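I opened the model and kept notes in the order in which I looked things up. The entries follow.

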Amino acid sequence: MANLVVHFEIHASERQKLIDFYSNLLGWTFKDYGGGDQPYWVIETGEGAIGNVAGQPGMGINGGLVQRMGPRPEIGGRVTGCNIVVGVDDVDGLMRRGIELGATEALPATDWPGIGRGGYLLDPDNNIFGLISPVMSDGSVAMGAGAEA
């Protein structure tokens with residue numbers, strides 16, 4: 001089995017607020033996994049799955065939403081866990097849309113030579129996450145298929 005990341009979790013103080021945010025921003029769907037002592041919602045991000053054990057390239061991963069145990073992170077505070085970076089077609093447009101939906105800009109959209117264009121937001125619960133595209137602001141492709149030599 002390849003040593004790939006196959007699942008992620010987002011901690012939420014207000015579950016429905018984050019479900020609405022990520023559904024509206026990225027089109028993700030959320031399903032209640034059954035409640036119990038630790039409520040849990042499965043996040044389906046689209047094509048790709050936790051079952052990608054063969055390590056096929058280009059496949060995404062799904063995740064989960066869990067109830068936060070303790071206070072949410074403070075804006076400007078240090079990152080105390082992992083963050084996720086989502087591959088998208090339009091970093092700038094989704095950064096603007098995320099802010100309209102209640103996110104805070106953590107790192108503005110920037111061209112990163114040899115990588116692409118990316119930026120970071122804090123969701124409405126102050127979880128940090130990134131958006132990245134191989135396409136730079138001038139339309140050139142920094143990496144992957146179609147990359148400039």
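Helices (H or I, at least four residues) and strands (E, at least two) are DSSP runs numbered from the N terminus.

Ground rules. This is a predicted model, in which local features need pLDDT of at least 70, side-chain atom pairs count only at pLDDT 80 or more, and totals for chains, interfaces and linings use all residues. Residues are numbered from 1 along each chain as its sequence is written, and side-chain values use heavy atoms, with hydrogens and water left out.

Confidence. I checked pLDDT, the predictor's confidence in each residue from 0 to 100. Its mean over the chain is 86, with 87% of residues at 70 or more.

Layout. I counted 2 helices and 8 strands, in the order β-α-β-β-β-β-α-β-β-β along the sequence. Of the 149 residues in the chain, 33% are buried. For contacts (heavy atoms within 4.5 Å), I took pairs at least 6 apart in sequence, and 53% of these join residues at least 24 apart.

Helix α2. Which residues of α2 are buried? I found Val 91, Gly 93, Leu 94, Met 95 and Gly 98. The buried residues of α2 pack against α1 (15-26), β6 (104-112), β7 (116-122) and β8 (128-133). Just past the helix, Gly 102 has a positive phi of about 115°.

Core. I used nonpolar core for a set of buried Ala, Val, Leu, Ile, Met, Phe, Trp, Tyr and Cys residues joined through side-chain atoms within 4.5 Å. The largest one holds 24 residues, and Ile 10, Tyr 22, Leu 26, Trp 28, Leu 65 and Leu 131 have the most contacts inside it. Two or more residues come from each of β1 (7-12), α1, β3 (40-44), α2 and β8; α1 gives the most, 6 residues.

Trp 28. I set aside its neighbours within four places in sequence and listed its contacts: Phe 8, Ile 10, Tyr 22, Ser 23, Ile 43, Glu 44, Thr 45, Ile 84 and Val 86.

Gly 87. Is Gly 87 buried or exposed? Gly 87 counts as exposed because its relative accessibility is 65%. I placed Gly 87 in strand β5 (residues 84-87).

Definitions and conventions. Buried < 20%, exposed > 50% of the residue type's maximum accessible area, 1.4 Å probe, protein only.
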